[in-house]
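This report covers a few individual residues and their surroundings.

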Amino acid sequence: MITNKTEYLLLTLINLARRRKADNELISSRTIAEEEKIPLNYMPQLMSILTKKGWVESVRGLNGGVRLIADPKEITVQDVITVSEDILVIKKCVFDGCSFGLNNCRLRPLWLEAQKRVDEVMGSTTIEDLLKNSTFQ
C-alpha cells in the first residue's frame, strides 16, 4: 500500500522538479508544504530522506532552502517507494505464499501478473513523467 509519506515525497519531488526547470532557486520547505497541502510537521522527515538520498540539496540560514539536484528523469516512482520504505503489493500472497495453504492457487497467476505490471509502471515512471502529466506546471 502506498502511504502518505510516499505521496508527500512524490509531490515534493514534482514541486522541486518544476522549480528546477524554471530557475532552480532555493525554496523553503514551508512553501512546498503549503503549495502541496502537506502537513508542515512531515517536512523535516521528508527533507531528511531526500537529502540523504542525494536528490535534494538543503541550505540552512536566512537565505536557505532546498532545491532538486538530481535529474528528475533518473528518479522513478519505484525509487521513491523504496526510499520511503513502502512496499506496493497488490496481494500479500505474491510474496508470502497462499494464506489458505493451497499449493496450486488458481488466482495466484493473476496476482503475479498484476504485480508484475504494477512494478513495471512504477519502475518506468519518472518524476519527469509525473511533471509532464501534472496539472500544475
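## Basis

This is a predicted model, in which local features need pLDDT of at least 70 and side-chain atom pairs count only at pLDDT 80 or more, while totals for chains, interfaces and linings use all residues. Residues are numbered from 1 along each chain as its sequence is written, and side-chain values use heavy atoms, with hydrogens and water left out.

## Lys5

Lys5 sits in helix 1, residues 4-22; helices (H or I, at least four residues) are DSSP runs numbered from the N terminus. Lys5 is buried, that is, under 20% relative accessible area with a 1.4 Å probe and protein chains only. No salt bridge is found for Lys5; the term requires a side-chain nitrogen of Lys or Arg within 4 Å of a carboxyl oxygen of Asp or Glu. Glu85 has the nearest side chain of opposite charge, 4.9 Å away.

A polar atom of the Lys5 side chain lies 3.1 Å from the backbone oxygen of Ser84. Leaving aside residues up to four places away in sequence, Lys5 touches Gln45, Leu46, Ile49 and Ser84 (contact means heavy atoms within 4.5 Å).

## Positive phi in two loops

Glu85 lies in the loop between helix 4 (77-83) and helix 5 (93-96). Although Glu85 is not a glycine, its phi is positive, about 65 degrees. Glu85 is exposed, at 68% relative accessible area; exposed means over 50%.

Lys37, also not a glycine, has a positive phi near 60 degrees. The loop that holds Lys37 runs between helix 2 (29-36) and helix 3 (43-53). Lys37 is exposed, with a relative accessible area of 67%.

Methods. Lys and Arg count as positive and Asp and Glu as negative; His and the chain ends are not counted. A polar contact is a pair of N or O atoms within 3.5 Å; within protein, one must be able to donate a hydrogen and the other to accept it, and residues adjacent in sequence count only if both atoms are side-chain atoms.
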